[in-house]
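Hi,

Here is the structure I promised to pass on. Have a look at it first, and then read on for what turned up.

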Amino acid sequence: MKMLKKAASVALAAALALSLAACGGDNGGADSRDPDKFYIGGIGPTTGDNAIYGTAVKNGIQLAVDEINEAGGINGYQIEYSFEDDQGDAEKSVNAYNTLKDWGMQMLVGTVTSAPCVAVVEETHADNMFQFTPSATSVDSIQYENAFRMCFSDPAQGVASADYIAENGIAKKIAVIYNSSDPYSSGIRQTFEEEAKSLGLEIAASEAFTADSKTDFSVQIQKAKDAGAELVFLPIYYQEASLILAQADTAGFDPIWFGVDGMDGILSLDGFDASLAEGLMFLTPFTADSEDEKTQTFVADFEEAFGDTPIQFAADAYDCLYVMKEAMEKADVTPDMSISDICDALKTSMTEITIDGLTGTQISWTADGEPSKEPIVVQVEGGKYTVLK
Amino acid sequence: MTKKKKISKQTRSNIITYGIVILAYIIVQTMINTGSISSLMEGLMVPLCIYAILAVSLNLVVGILGELSLGHAGFMCVGAFTSAFFSKCMRGEMQSDGLRFFLALLIGIAAAAVFGLLIGIPVLRLKGDYLAIVTLAFGEIIKNLVNVLYIGKDSAGFHFSTQDVMALDADGTMIISGPQGISGTPRDATFLIGVILVLITLFIVINLTNSRSGRAIMSIRDNRIAAESIGINITKYKLMAFTVSAALAGSAGVLYAHNLSSLTATTNNFGYNQSIMILVFVVLGGIGNIRGSMIAAVILTLLPELLRGLSDYRMLIYAIVLIVMMLFNWAPKAIEWREKYLSFGRKKKEAVK
């Protein structure tokens, strides 16, 4: 009996170890791939706190892929597309990347958020796979030559905002309210303040809040008011910004408000009194209300397909696909090339193309992966976005 | 005679626990070498080791000491950030990567142990719900502290700030930059190191449990007053269990930091979500059952990844599986059913006796 139990335990342990090892044991990715198709993968948070951004990117890519496939594909080859959830977490993101690799991915559009992107770019660099992030803004997220980005980097946004304010003489005394627990927000704030100081603007107050305390801003608003700020710079997302605008109104504080691309979407926020945002200026590559024909078509198609107005993340992702199409056509990439060869070909052709997209005109890339495009400043006037520059 | 038999039974159980780990390692390593394993599984091996270590170490506090701690991810965070800090500073300055990782490991473990000791002294005066809430708060404090910490290094030495990135000389680099955390940590963690750490963790926890100190710790759990009355130094033994557990969590943090090149402190990796997740491993695997918590950690880490095929329903199915497993393991009716119909249950144990 005792022997039996011993044997049973050992057998059980072996079975466990085996089942552990056998889980998803097929390594068929590369072999089961259809040789006449490009396999493009996407990674982003479709669940969790940042789900709104991940879902927008997922849908943006989907729309572009459907359009490209309908129009005959890239170099005559159709695109297969798969999107994996990473919950905005670096560790999960690497898992998502490995899952996509097993699926047969040849090029990656992602990741959506910065911290996971830093982790994933390490992997794509090791595999020499082409990576194109629509929206990861931190500097490190495209630190290798195989990675490119569609959006502005954090420093670029901070510098552009400060330059715009100084050049147009909008204000001299500036207060900043930012989210210190968010890399995006604190990253922009840092370069903004550096640039503002070097341009002779005065930072009268710089007040932080964190993700755990983002409902009551009375202290920050009061400090900005006491410091006599003419302009308040808000490098944050529109959800918190809407609260700040409402609470400042109650406190009788009415400076010029200036935001960055996270502000896009504030007018369509449920329960927000749009008149509070009157005069608000922000820097953005894309607004859904733009009169431009290309944008109008994109917004209409997106709304039809997903029943939702696209935010700039969707536009960035949509542009990514068309940029890749352009680069792949330029380099004559075919699906039978190895992942590494595709990457090397695209690395060169990416720096040679110039493209007009939804998020900018005459966009080109340098070898370090940064796009050069002109930011647009929009202002809210009469409940609508008006393009200033 | 009976005593001898009992000891050997214990030893056998331990050998099985170690055996599972070694066997799993050998099988997986062979599969990696022959290339018959998916990239996903290969990439998951180090995280599996990390969660197994965390689950086993928390079991020491929850199962053996009998106190509920909800701040385990906080100790992991301390280990991760101190070791990543060291590795980032020393990257390129030390010849041997192995030695650098070993030192980083020691530093991470030591830092987590110190924090465990410092937190333990005031906190262990509490018990039950109070202890749980204070440890929960501790975990959050650590996470938030890391998020406002800016440390840079240049030729003039280290610069600290809790406000923003300070001006550094031309040759300076930022090491920790607030919410952006540490990026560019060398990826030194390998599956082999992970498995060795799991084995060391098991060795420490199992031997501590079976030692004189371990029996003292368990006596505190079973009856504090009785233990005190026979002269057991309650504070000492409680602190011992708490500190060892924190140090082991720190080693898991070191592995975590050196497995990814970007390290940020968020709710999901070092906040209460993670602490609760580790507690779920322990409860599901069996409070006080070392082997069980290790297996539960492996299964629950694998599950959401293997369910990726279900896309949007993934987390829903995961939650349902969690509930079903919990019921199957712990509901009295389910235990009764298992005893009746499954060959390996409590009944069989009784039959052996």
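Which strands of chain A does helix α5 (residues 154–167) lie across, and at about what angle does the helix run to β10(A)? The strands are β6, β8 (231–234), β9 (256–259), β10 (281–284) and β14 (376–381) of chain A, and the angle to β10(A) is about 140°. Before going further, please keep in mind that this is a predicted model.

**The sheet in chain A**

Those strands belong to an open sheet of seven, ordered β7-β6-β8-β9-β10-β14-β15 in chain A, with mixed pairing.

Start at the β7 end. Strand β6 (residues 173–179) of chain A runs parallel to β7(A), and seven bridges join the two. Another helix of chain A, α7 (residues 218–226), lies across β6 and β7 of that chain and runs at about 175° to β7(A).

Now move along to β10(A). With β9(A), β10(A) pairs in the parallel sense over two bridges, and there A:Phe258 stands opposite A:Met281 in β10(A). With β14(A), the pairing of β10(A) is antiparallel, over four bridges; A:Val378 in β14(A) is the bridge partner of A:Phe282.

In a regular strand, side chains alternate between the two faces of the sheet. Are the two faces of β10(A) covered or open? Both are covered: A:Met281 and A:Leu283 on one side are buried, and so are A:Phe282 and A:Thr284 on the other.

**The sheet in chain B**

Chain B has an open sheet of three strands in the order β2-β1-β3, with antiparallel pairing. Its edge strands are β2 (157–161) and β3 (173–177) of chain B, each pairing on one side only. From one strand to the next the twist averages 20°.

Strand β1 (residues 150–154) of chain B pairs with β2(B) in the antiparallel sense, over five bridges. In that pairing B:Gly152 stands opposite B:His159 in β2(B). Helix α3 (residues 72–90) of chain B lies across β1, β2 and β3 of chain B, at about 175° to β3(B).

**Pockets and cavities**

The second largest pocket holds about 1,200 Å³ of space. Its lining has 46 residues, and A:Asp49, A:Asn50, A:Ser181, A:Asp182 and A:Pro183 are the ones nearest its centre. Elements from both chains give two or more residues to this lining: α2 (51–70), α4 (114–127), α6 (183–198), α8 (238–250) and α10 (312–331) of chain A, along with α5 (129–148) and α10 (267–270) of chain B. Of the elements, α5(B) gives the most, with four residues. By class, the lining of this pocket has 15 nonpolar, 21 polar and 10 charged residues.

There are also four cavities of 30 Å³ or more. The second largest cavity has about 50 Å³ of space. Lining this cavity are A:Tyr53, A:Tyr237, A:Tyr238, A:Asp261, A:Gly262, A:Asp264, A:Ile311, A:Gln312 and A:Phe313, which divide into five nonpolar, two polar and two charged residues.

Cheers

Technical notes. Residues numbered from 1 in each chain as written. Chains lettered and ligands numbered in written order. Predicted model: local features only at pLDDT ≥ 70, side-chain atom pairs only at ≥ 80, totals over all residues. Heavy atoms only, no water. Pairing = 2+ DSSP bridges. Axes fitted to C-alpha atoms, helices over the stretch in contact; angles between N-to-C directions. Contact = heavy atoms within 4.5 Å. Buried < 20%, exposed > 50% of the residue type's maximum accessible area, 1.4 Å probe, protein only. 1 Å grid on protein atoms, 1.4 Å probe; cavity = no way out; pocket = protein on both sides within 12 Å on 5 of 7 lines; lining within 4 Å. Points joined across faces, edges and corners; volume = space filled by probe spheres on them. Nonpolar A, V, L, I, M, F, W, Y, C, P; charged D, E, K, R; others polar.
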